[in-house]
Amino acid sequence: MINRVVLVGRLTRDPELRYTPNGVAVANFGIAVNRPFTNQHGEREADFLNCVVWRKQAENVANYLKKGSLAGVDGRVQSRSYENREGRRVNVVEIQAESVQFLEPRSVTANRSGDDQGVGAASGSSNYEGNVGFGQESQRHAADLNDDPISNDGKPIDISDDDLPF
């Protein structure tokens, strides 16, 4: 049997961080994943999925991601049911995230939201601060990409065949 899910999408709401009575962190968030095709009207559709992440990863997700953040989720599908206040049985299907990757640099998230966000993999290690990714070196590299003379600006590149290494 295989139950594996890999998703890349944007959060549809801010993560909700809670703690169990035993003090275990759990965060819930929604993610929208675009479908790779268009519908009959030529419009792109998306699937909206609920995700759950536990322990240190839950705290990292709650601290560093917010609505609109681009994230990668690796986990499994899990179904559960409960009885609501009216006494009806409610079935829920959600993604139990085992790993959540933060896929945008802080500057992109900060520009969109006005807040400073962390980037990197939400891991269960206690040394998360050292792995927040997109450090100064990566930020300098990202700034260099903005000044790239060969970036795709729609103009032809003036280069001879003799200059190519192949």
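The side chain of Glu-104 makes a polar contact with the side chain of Arg-10, at 3.0 Å. A polar contact is a pair of N or O atoms within 3.5 Å; within protein, one must be able to donate a hydrogen and the other to accept it, and residues adjacent in sequence count only if both atoms are side-chain atoms. This is a predicted model, in which local features need pLDDT of at least 70 and side-chain atom pairs count only at pLDDT 80 or more, while totals for chains, interfaces and linings use all residues. Residues are numbered from 1 along each chain as its sequence is written, and side-chain values use heavy atoms, with hydrogens and water left out.

**Two loop residues**
- Glu-104 sits in the loop between strand E6 (89-102) and helix H2 (106-113); helices (H or I, at least four residues) and strands (E, at least two) are DSSP runs, numbered from the N terminus.
- Glu-104 counts as buried, at 7% relative accessibility. Buried means under 20% relative accessible area, exposed over 50%, and partly exposed in between (1.4 Å probe, protein chains only).
- A polar atom of the Glu-104 side chain also lies 3.3 Å from the backbone nitrogen of Leu-70.
- Ser-69 is in the loop between helix H1 (55-64) and strand E5 (70-83). Ser-69 is buried, at 2%.
- A polar atom of the Ser-69 side chain lies 2.9 Å from the backbone oxygen of Lys-66.

**Aromatic pair**
- The whole structure holds 1 aromatic pair. Rings of Phe, Tyr and Trp (its six-membered ring) pair if their centres lie within 6.5 Å; planes under 30 degrees apart count as stacked, over 60 as edge-to-face and the rest as tilted.
- Tyr-64 and Phe-102 form this tilted pair, 6.3 Å centre to centre with 45° between the planes.
- Tyr-64 is in helix H1 and Phe-102 in strand E6, 38 residues apart.
- Tyr-64 is partly exposed at 21%, whereas Phe-102 is buried at 4%.

**Salt bridges**
- The count comes to 9 salt bridges, each a side-chain nitrogen of Lys or Arg within 4 Å of a carboxyl oxygen of Asp or Glu.
- Glu-98 bridges to Arg-4, with the closest N and O atoms 3.1 Å apart. Glu-98 lies in strand E6 and Arg-4 in the segment before strand E1 (5-11), so the pair ties together parts 94 residues apart in sequence.
- Glu-98 also meets Arg-76 in a salt bridge, at 3.7 Å from N to O. Arg-76 belongs to strand E5, 22 residues from Glu-98.
- Arg-4, Asp-74, Arg-76 and Glu-98 are linked in a salt-bridge network.
- Arg-13 forms a salt bridge with Glu-16, at 3.8 Å between the closest N and O atoms.
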